[in-house]
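The entries are kept in the order I made them.

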Amino acid sequence: MTCRPRLDALLRPRVPSPLREAHDQRFARHGVRLFLKRDDLIHPDLPGNKWRKLAPNLEAAAGRTVLTFGGAYSNHLRATAAAGRLLGFPTIGVVRGDELAHRPLNPSLARCAADGMRLHFVDRTTYRAKGSPEVLTGLLSLFGDAMVIPEGGSNALAAQGCTALGRELSGAVDVAAVACGTGGTLAGLAAGLDPGQRALGVPVVGGGFLAGEVARLQREAFGSPAGNWTLEEHFTFGGYARTTPELDAFAADFEDRHGLPVERVYVAKLLFALTALAGEGAFAPGTRVAAVVTGAPDGPHRGPSASR
């Protein structure tokens with residue numbers, strides 16, 4: 001992996017990311033201390049887990065074309081396109097929804113295109129089968145040799161890259177919590193923590209599949225289960241990229257309390273979950289809890305505009 005010094009030199013990621021205590025009475029009254037792990041500050045174009053998951057994959061690609069997948073508002077597609085622009089390699093984004101091919105590009109996809117990404121729209125049935133040999137063979141026959149990175153960037157390399165997040169929290173907290181879409185960040189975070197520390201994942205999408213995905217990624221990345229991790233699956237607020245007036249009000253209040261713009265799709269659900277769990281007594285008095293802030297809101301309205 002000889003590309004990493006070049007990646008670091010050209011992109012200048014801010015790692016380790018800052019860890020800051022957020023004094024919040026809703027935690028303090030239960031003897032719990034809340035910390036914010038500001039991974040959103042790592043890089044303006046590849047923030048948070050996007051940098052941690054993409055960097056080892058880009059090393060492996062070594063300048064080859066990168067082909068990856070995402071929805072119409074995918075943060076992962078935008079980060080991959082930005083990396084291609086900054087590092088000078090071609091990118092292809094396979095986008096869910098063939099009907100989008102006949103509409104004006106939304107701001108997210110327009111940004112991808114402006115960064116040089118070639119967009120390829122497929123119907124939802126094909127997209128669901130995107131990991132099958134038939135679909136992958138068909139895509140590579142269209143676009144030629146390419147490094148394929150899965151939706152959300154979650155693969156064994158990504159999980160290995162996210163172990164650095166756990167190592168950066170070594171000895172600093174007791175519980176490290178992260179919102180989960182595809183499981184790669186949690187898989188690596190748990191593996192990087194010290195014995196005695198615990199990783200907590202808050203899924204932002206229902207379906208109950210993430211436990212299996214995290215376990216699979218750990219087997220592929222590390223050969224066996226790694227670290228102590230659990231999931232809290234009761235805070236999806238109706239599904240992926242969905243919100244409710246209660247969640248919006250909570251996020252706005254957190255912004256006012258702490259001066260932190262709260263991204264709605266992932267970070268708001270994570271912070272809501274931790275606040276609720278603290279109120280329920282889920283953390284013993286004296287527990288230090290870190291919330292990993294994986295991204296920042298898009299634009300002034302901060303609405304649900306992300307995808308995996």
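The notes below start with the ground rules and then go through the structure by topic.

**Ground rules.** I am working from a predicted model, where local features need pLDDT of at least 70, side-chain atom pairs count only at pLDDT 80 or more, and totals for chains, interfaces and linings use all residues. Residues are numbered from 1 along each chain as its sequence is written, and side-chain values use heavy atoms, with hydrogens and water left out.

Buried here means under 20% relative accessible area, exposed over 50%, and partly exposed in between, with a 1.4 Å probe and protein chains only. This core holds 36 residues, and Leu36, Phe254, Leu271, Leu274 and Phe283 have the most contacts inside it. I listed the elements giving it two or more residues: β2 (33-37), β7 (175-180), β8 (198-203), α11 (245-258), α12 (267-279) and β10 (288-292). Helices (H or I, at least four residues) and strands (E, at least two) are DSSP runs, numbered from the N terminus. The largest share, 9 residues, comes from α12. Apart from this core lies another, of 22 residues, among them Leu165, Ala190, Leu210 and Ala221.

I then checked the neighbours of Phe254, taking contact as heavy atoms within 4.5 Å. Leaving out residues up to four places away in sequence, Phe254 touches Asp24, Arg26, Leu34, Leu36, Gly259, Leu260, Val262 and Leu271.

**Helix α9.** How many residues of α9 (residues 184-192) are buried? I found 8 of its 9 residues buried, including Leu186, Leu189 and Ala190. Their cover includes α3 (49-61), α8 (156-168), β7, β8, α10 and β9 (229-231).

**Thr68.** This residue lies in strand β3 (residues 66-70). Thr68 has a relative accessible area of 0% and therefore counts as buried. Among the residues it touches beyond four places in sequence are His76, Ile92, Ile149 and Pro150.

**Second largest pocket.** On a 1 Å grid over the protein atoms alone, a pocket is an open set of points where a 1.4 Å probe fits, with protein on both sides within 12 Å along at least five of seven lines; lining residues have an atom within 4 Å of a point. I noted 17 lining residues, of which Lys130, Pro150, Glu151, Thr182 and Glu213 lie nearest the centre. The elements giving two or more residues to this lining are β6 (147-149) and α10 (210-222), and α10 gives the largest share, 3 residues.

**Salt bridges.** I counted 21 of them (a side-chain nitrogen of Lys or Arg within 4 Å of a carboxyl oxygen of Asp or Glu). Asp45 and Arg85 pair at 3.5 Å, N to O. Asp45 is in the loop between β2 and α3 and Arg85 in helix α4 (residues 75-87), 40 residues apart. Asp45, at 32% relative accessibility, is partly exposed, and Arg85 is partly exposed at 37%.

Arg111 bridges to Asp115 with the closest N and O atoms 2.9 Å apart. Arg111 is partly exposed at 41%, whereas Asp115 is buried at 8%. Arg264 meets Glu255 at 3.2 Å, N to O; Arg264 is buried at 10%, and Glu255 is buried at 11%. Last, I recorded a network of salt bridges linking Asp24, Arg26, Asp253 and Arg257.

Notes. Core = buried A, V, L, I, M, F, W, Y, C linked by side-chain atoms within 4.5 Å.
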